[in-house]
Amino acid sequence: MDGGGAAYNPRTPEEVFRDFRGRRAGVVKALTTDVETFYQLCDPEKENLCLYGLPNETWDVTLPAEEVPPELPEPALGINFARDGMDERDWLSLVAVHSDAWLLAVAFYFGARFGFDKEARKRLFTMINNLPTIYEVVTGTAKKLSQEKTPNSSSKSNKPFAKTKNSKAPPQKDFDESGEEELEEDEDEHGNTLCGACGDNYVNDEFWICCDVCERWFHGKCVKITPARAEHIKQYKCPACSNKRARA
């Protein structure tokens, strides 16, 4: 393995962050929407395997790089060996933690290689730190943190938007005693909602869908659900919840 795209060498903090974000998106997909495939690929009977996130937002489970030292920092080795000896959720959380550490190592390897100064390193870390960690996305901690940061609105529901499958979930219009719309608060509340697949925030005019089992929200594009298809879904289960039930 070439370290997950070692031929690509970002040279500015912004380029390194784009590389980081692409690799992160790939790993998040492996541990959420593609979790069934990832689980099957991590066969304990195989040799030491690593989970690589690639800059193009895809992922790969394969053997580690052969060259020593490798061109880029390597992810955790032998993630497949612990698969059957742990609860699945705990195992995925462990892989997520190691993946977070690997992504930081790759990002700051680029920073060291291209001589980022203190200000550039700080800028890179700030951009990275504004995203939830893979561990937070996989365990649902990111969702809990965003809810804790959001003050309760005057709406009857604590959900950031209505659980309607066939809408783009626009902000609900609330009115205070003076009759003025409380749109600003709602927009802030919705902005704190994170996609259970990619971890990105809610943006107006994007179609989202909520899992009726785990109650996490997802971009329609991340789980391959269109507004038209959602019209015919009575109870939506995200890929992770569907796969869990199938294995049970």
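I began with the pair α3 and helix α4 (residues 118-129), which pack at an angle of about 155° with their axes 11 Å apart. For such values, axes are lines fitted to C-alpha atoms, for helices over the stretch in contact, and angles run from 0 to 180 degrees between N-to-C directions. Helices (H or I, at least four residues) and strands (E, at least two) are DSSP runs numbered from the N terminus. α3 and α4 are therefore roughly antiparallel to each other; angles over 145 degrees count as such, under 35 as roughly parallel, 65 to 115 as roughly perpendicular and the rest as oblique. I noted the α3 and α4 crossing as right-handed. A crossing is right-handed if the near helix is turned clockwise from the far one by less than a right angle, and left-handed if anticlockwise.

The model is predicted: local features need pLDDT of at least 70, side-chain atom pairs count only at pLDDT 80 or more, and totals for chains, interfaces and linings use all residues. Residues are numbered from 1 along each chain as its sequence is written, and side-chain values use heavy atoms, with hydrogens and water left out.

**Helix α1 against α4**

I next looked up helix α1 (residues 13-31), whose axis comes within 9 Å of that of α4, with a crossing at roughly 30°. α1 and α4 are therefore roughly parallel to each other. Their crossing is right-handed. I listed the contact (heavy atoms within 4.5 Å) as Pro-13, Glu-14, Val-16, Phe-17 and Phe-20 of α1 with Ala-120, Arg-123, Leu-124, Met-127 and Ile-128 of α4. By class, the residues of this contact are eight nonpolar, no polar and two charged. Here Ala, Val, Leu, Ile, Met, Phe, Trp, Tyr, Cys and Pro count as nonpolar, Asp, Glu, Lys and Arg as charged, and the others, Gly among them, as polar.

**Helix α1 against α3**

The angle between α1 and α3 is about 165°, and their axes are 10 Å apart. From α1 the contact includes Val-16, Phe-20, Arg-23 and Leu-31, and from α3 it includes Leu-92, Val-95, Ser-99, Trp-102 and Phe-110. The class count for α1 with α3 is 13 nonpolar, one polar and three charged residues.

**Cavity**

I searched the whole structure and found one cavity of 30 Å³ or more. A cavity is, on a 1 Å grid over the protein atoms alone, a set of points where a 1.4 Å probe fits but cannot get out; lining residues have an atom within 4 Å of a point. Grid points are joined across faces, edges and corners, and a volume is the space filled by probe spheres set on the points. The largest cavity holds about 30 Å³. I found Leu-51, Pro-75, Ala-76, Ile-79, Val-95, His-98 and Ser-99 in its lining. Helix α3 (residues 88-113) supplies the largest share of that lining, three residues. The lining has five nonpolar, two polar and no charged residues.

**Backbone**

I looked up two loop residues. Val-68 and Pro-69 are joined by a cis peptide bond, with omega about -5°. Pro-69 sits in the loop between β2 (59-62) and α3. Glu-57 has a phi near 70°, a positive value in a residue other than glycine. I placed Glu-57 in the loop between β1 (50-53) and β2.

Definitions and conventions: 1 Å grid on protein atoms, 1.4 Å probe; cavity = no way out; pocket = protein on both sides within 12 Å on 5 of 7 lines; lining within 4 Å.
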